[in-house]
Amino acid sequence: MSASPITKRVQDDVPRYNDEVAVGEDLEFQRRWWKFENAVWILFGIIIVCDVLGVFGRGWLARAKATTRDHAVVLSYERMERAFTPAILDLEIGQNAIRNGQVTVYVSGSVVKELGAARISPQPMTSTIGSSGYTYVFPVTSSPGTIQIALSPPSAGLRHFRVQVAGSEPIDASVLVFP
Amino acid sequence: MVSVLYAVAGYFFLLLTVRVLKRRAGSGISMLDFVLIFLIGGVIILGTMAQDRSMTNATCIVITIGFLHRTVAWAKSKSPKVGALVDGVPLVLLDRGKARREVMDHMRITDLDLEIAARAARVPSTDQVDYAVLERNGSISIFPRQ
């Protein structure tokens with residue numbers, strides 16, 4: 001024998017408007033929502049302006065330069081980068097960095113592991129793996145010359161790196177990688 | 001693992017963006033809406049998938065989004081507050097034949113939208129409408145004058 005079905009009288013469960021129409025309007029909530037909406041659109045506007053200026057990378061504010069006191073090397077990079085997005089790290093080599101027609105460049109391991117160095121141009125004569133980084137030797141005929149390291153950071157976070165040309169002081173820099 | 005986090009972030013960011021876009025009177029999908037759907041959908045999928053275009057990653061992301069959607073639907077059914085946050089609340093546009101300008105202006109509803117809704121409800125003119133209600137899905141319900 002089947003059990004008798006449970007029945008319940010259907011009734012409005014939302015407040016009536018003017019005691020006539022069951023709408024369930026909540027105008028106070030809606031007024032608060034409109035204020036929230038305005039705040040969100042202002043925030044979206046700020047995000048767009050920041051993006052255009054390069055706060056999130058690939059723009060005017062993201063570009064950075066660092067140089068040694070003896071101008072042996074000028075490092076150009078982006079303070080802010082984006083994960084999986086190509087970026088270039090430029091090393092402009094001055095006359096002071098050239099010894100016996102060669103320039104020796106040391107980069108910390110973080111340039112390869114954390115900033116995802118994918119390619120170095122021009123190709124170095126020799127590459128040496130050290131305990132904390134890599135040393136490259138390039139033949140140089142005249143200065144200034146430029147060495148480019150193509151980056152593609154594999155993950156987000158604040159990354160620190162060091163670049164040094166033999167016979168000159170090191171340059172320490174940081175890059176904030178956005179997801 | 002990262003893709004799942006990206007999918008969660010993408011889902012809630014998309015929910016917020018779609019929610020703060022005004023409800024469009026009429027609720028149907030126009031050509032303009034198609035531009036929005038395809039462009040936003042296409043952009044968000046690139047960021048969510050990241051570099052991993054494998055079937056495993058796609059499957060995990062689809063499952064994550066499905067799970068999130070089911071959770072939000074369940075929360076909506078349990079709490080009217082969550083429902084109001086996700087879908088909004090119905091709003092009275094015409095009160096005993098008089099337009100509520102504060103609501104209409106904020107919701108970008110014009111007199112023409114009301115006239116179209118009245119005609120769709122087989123009411124010849126808005127003069128003969130007692131109440132008009134903007135529903136959560138963007139449609140306008142018309143209550144003719146008795």
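Is Met31(B) buried or exposed? Met31(B) is exposed, at a relative accessible area of 69% (exposed is over 50%, buried under 20%, and partly exposed in between, with a 1.4 Å probe and protein chains only).

## Ground rules

This is a predicted model, where local features need pLDDT of at least 70, side-chain atom pairs count only at pLDDT 80 or more, and totals for chains, interfaces and linings use all residues. Residues are numbered from 1 along each chain as its sequence is written, chains are lettered from A and ligands numbered from 1 in the order in which they are written, and side-chain values use heavy atoms, with hydrogens and water left out.

## The patch around Met31(B)

Met31(B) sits in helix 2 of chain B, residues 31–49 (helices are DSSP runs of H or I with at least four residues, strands are E runs of at least two, both numbered from the N terminus). Together with Ile29(B), Phe34(B), Ile37(B) and Phe38(B), Met31(B) makes a nonpolar surface patch of about 580 Å². Patch members have over 30% relative accessible area and no salt bridge; nonpolar side chains (Val, Leu, Ile, Met, Phe, Trp, Tyr) are joined within 5 Å, like charges within 9 Å. The areas are Shrake-Rupley values with a 1.4 Å probe, and for residues only the protein chains shown count as cover.

Helix 2 of chain B also holds Thr48(B), but Thr48(B) is buried at 7% relative accessibility. Leaving out neighbours within four places in sequence, Thr48(B) is in contact with Ser3(B), Tyr6(B), Ala7(B) and Ile61(B) (contact means heavy atoms within 4.5 Å).

## Domains

Chain A splits into domain 1 (16–53) and domain 2 (63–178), with 48 Å between their centres, taken over C-alpha atoms. For chain B the assignment gives domain 1 (2–87) and domain 2 (91–144), and there the centres are 29 Å apart. These bounds come from an automatic or database domain assignment.

## Where the chains meet

Chain A puts 21 residues into the contact and chain B puts in 27. Between them they bury about 2,300 Å², 64% of it on carbon and sulfur atoms; buried area here is the accessible area (1.4 Å probe) that two parts lose on being put together, summed over both.

Three salt bridges cross this interface (a side-chain nitrogen of Lys or Arg within 4 Å of a carboxyl oxygen of Asp or Glu). Arg100(B) pairs with Glu25(A), with the closest N and O atoms 2.7 Å apart. There's also a salt-bridge network linking Glu28(A), Arg31(A) and Glu102(B). Within it, Arg31(A) and Glu28(A) meet at 2.8 Å, N to O, and both lie in helix 1 (residues 27–53) of chain A, three residues apart, about one turn of the helix.

## Salt bridges inside chain A

Over all chains, the search finds eleven salt bridges. One of them joins Glu169(A) to Arg69(A) at 3.3 Å between the closest N and O atoms. Glu169(A) is in the loop between strand 12 and strand 13, and Arg69(A) in the loop between strand 3 (63–67) and strand 4 (73–78), so the pair ties together parts of chain A that are 100 residues apart in sequence. Arg69(A) is exposed at 74%, while Glu169(A) is partly exposed at 29%.

The loop between strand 12 (157–165) and strand 13 (171–178) holds Ser168(A) too. Ser168(A) is buried at 9% relative accessibility, and beyond its sequence neighbours within four places, Ser168(A) is in contact with Thr68(A), Asp70(A) and Ala72(A).
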